Amino acid sequence: MVTPLAVGDARARAAGLEFALGDPADPANPVGYAPLLAADRAAERFARGEELLDDRGVFAEFVPTELGGRLDSYENLVAVLRPVFRRDVGLAMGYGTMSWMAASDVWLAGTEEQREWLAGLLLSGGKAAIAQHETAHSNHYVRSQVTARPSDGGLLLSGAKPLINNLERAGALVLFCRTDTAGSRSHSALLVDPGALPRDRAVPLPRHVTVGLRGCRFAGIDFDDCPVPASALLGPLGSGVTTALRSFQISRTVIAALAVGAVDTVLRTAVGFERSERPGGRSALDPDADRASAATTGAFVDLLLYDSLAVVATRTLHLLPEQTSVYSAALKYLLPKLLTETMYTLSTVLGSGIYSREGTLGIFQKHIRDVPVLSLGHAGSAACQATILPQLSRLARSSWFREEVPPASLFRAWEPLPALEPERLRLASGRDALSACLPAVASDIRGHGPAEQALASLAGVLVREFHDLRDRVRALESDGPPVLFPAAGFALVDRYVLLLAASAVLGVWRYAREGGDPFLADASWAAAALHVVARRLGARPPALPPECERHVRHEMLLRFGAQLSFDLYNTPVCG
């Protein structure tokens, strides 16, 4: 059951977990890199890591406080799980993140009895699995090969789900299945106990070993007129798509925000390698040293840019839940576009060391294999673009350059949050308050230093890009139907997501000046982040003042030496 650690706040729990995991490079650490990588090579779950998480009662983080757990805000959930993602994405996903994703649907749509039953299972250390992926249809979850038809007051399941993480040891399974032939109410969600299904009607399928997340146990199940009671339905019959789309807003945000932990480790590994190579004969004037320095400093900026949107999107779940559908999809879309590319750039720092599967360099390669898996399936780039695309026309008509600036608390990590009100989640709201920060802050940048001047100039460039985006959306709308054609619309979604990230950066910087981390209150990192956005948009901004890069690099090396995280939270880390 829940350990005494539950009485502490999320920061204390996160710090306690970080230091319980210990120095990853210590060969004597039972949850360090050596045993972790050995488990990965054997394609087995990291048992010692899971035992430690059990001892810390981490399973309680997935259960709402009203059901006896610790889940009171999604920012707290992200804070507590980032140390686990820093250590091993596979451990985090296999141990409990997938259980939480399954449980999210139950917390949203389940009856009181279903919620209490699943809470009891998770709080006793049990696992839950979720069956959404459709590998035969590019993971398009609304093309389910599992059907459920009425029979004797219950349902009969037929068809197969080939790829389900943790199915072999799950005490609960959330299953998406087709209950009608067409329409928006064609699918339903079920909550079943896999152990209670008749074995001749629910046949396990062999395990699949994947390139990423090798330690996770992906297996399948084949149903043949398998009976389940009508009470297994999550919500009304035909409500599965609505439940999934609301749940995705939460899961996309949280999983994408957690990925920062893994990239933190990748950056830390690259910085350590760069510094260890310099004393071995590399001159500070060596071109390779210059390239390595630029790669690590640029990666730090990329991480701060991404985490700005991650913090804002996570806090939006509580503060502006009606607008979450756009921000959650934007963040998840940016994951492979920015963080995965950043990891590949950092691999150039390691050279041939990237092929190592041992020690500190081994974890670098493992994270490069694991993190891209987080972007697959229903949460992939195309799916996220398809979530935003139909909303662009309405946003351009009624929201952009019309909204009030969102509350300051949206940008202040760790500031208390109201309880989540899931009934306020909307599939589309036609509103976007975050983007209001871009013109508002751009018009109010003060200061005569090189960094402030660069930030003001870059913000002005991006405001013009935002006006251009609105004009392009309106032009497409006037030439065709209200819903934009994908060929043109997908390119506009890409630009919109980058402008949202820039808006988040300006909001974080703006309100950090009123008190908080002195580094975040300085214009250097914000100017560097906006410079990245401007270049990705195809603009040709002038080079940043040298002071900006020096300040950002100094902060990165300071955090490396002081063993502090590279994200916005700037928390102590081990190793």
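**Questions on contacts, cavities and strands**

Student: Leaving aside neighbours within four places in sequence, which residues is Gln 249 in contact with?
Tutor: Contact means heavy atoms within 4.5 Å. With the neighbours within four places left aside, Gln 249 is in contact with Leu 317, Pro 321, Thr 324, Ser 325, Ser 328, Leu 425, Arg 426 and Leu 427.

Student: What pLDDT do local features need here?
Tutor: Residues are numbered from 1 along each chain as its sequence is written, and side-chain values use heavy atoms, with hydrogens and water left out. This is a predicted model: totals for chains, interfaces and linings use all residues, side-chain atom pairs count only at pLDDT 80 or more, and local features need pLDDT of at least 70.

Student: Where is the place of Gln 249?
Tutor: Helices (H or I, at least four residues) and strands (E, at least two) are DSSP runs, numbered from the N terminus. Residues 240–277 form one such run, and Gln 249 has its place there, in helix H7.

Student: Why does Gln 249 count as buried?
Tutor: Buried means under 20% relative accessible area, exposed over 50%, and partly exposed in between (1.4 Å probe, protein chains only). Gln 249 is buried because its relative accessible area is 3%.

Student: Which backbone oxygen does the side chain of Gln 249 reach?
Tutor: A polar contact is a pair of N or O atoms within 3.5 Å; within protein, one must be able to donate a hydrogen and the other to accept it, and residues adjacent in sequence count only if both atoms are side-chain atoms. The Gln 249 side chain reaches the backbone nitrogen of Ser 325 at 3.4 Å. At 2.8 Å, the Gln 249 side chain reaches the backbone oxygen of Arg 426.

Student: What is the volume of the largest cavity?
Tutor: On a 1 Å grid over the protein atoms alone, a cavity is a set of points where a 1.4 Å probe fits but cannot get out. Grid points are joined across faces, edges and corners, and a volume is the space filled by probe spheres set on the points. Three cavities of 30 Å³ or more are counted. The largest cavity has a volume of about 130 Å³.

Student: Which helix gives the most to the lining of the largest cavity?
Tutor: Lining residues have an atom within 4 Å of a point. Among the 18 lining residues, the closest to the cavity centre are Arg 45, Phe 46, Gly 90, Leu 91 and Gly 215. Helix H2 (33–41) and helix H5 (89–109) each supply at least two residues of this lining. With four residues, the helix that gives the most is H5.

Student: How many charged residues does that lining have?
Tutor: Ala, Val, Leu, Ile, Met, Phe, Trp, Tyr, Cys and Pro count as nonpolar, Asp, Glu, Lys and Arg as charged, and the others, Gly among them, as polar. The lining of the largest cavity has six nonpolar and four polar residues, and its charged residues come to eight.

Student: Which side chain makes a polar contact with the side chain of Lys 366?
Tutor: Lys 366 is in helix H10 (residues 359–370) and is buried at 3% relative accessibility. Beyond residues up to four places away in sequence, Lys 366 touches Leu 36, Leu 37, Asp 40, Asp 88 and Gly 90. At 2.6 Å, the side-chain partner in the polar contact is Asp 88.

Student: Which residue in E7 is the bridge partner of Val 203?
Tutor: Two strands pair if DSSP finds at least two bridges between them. Strand E3 (residues 154–165) pairs with strand E7 (residues 218–229) in the antiparallel sense over nine bridges, and Ala 160 stands opposite Asp 222. Strand E6 (residues 202–208) pairs with E7 in the antiparallel sense over five bridges. There, the partner of Val 203 is Asp 222.

Student: What is the phi of Ala 43?
Tutor: Ala 43 lies in the loop between H2 and helix H3 (47–55). Ala 43 is buried, with a relative accessible area of 6%. Although Ala 43 is not a glycine, its phi is positive, at about 55 degrees.

Student: What separates the C-alpha atoms of Gly 447 and Ala 523?
Tutor: Gly 447 lies in the loop between H13 and helix H14 (450–479) and is partly exposed at 40% relative accessibility. Gly 447 and Ala 523 are 76 residues apart along the chain, and their C-alpha atoms are separated by 9.5 Å.

Methods
1 Å grid on protein atoms, 1.4 Å probe; cavity = no way out; pocket = protein on both sides within 12 Å on 5 of 7 lines; lining within 4 Å.
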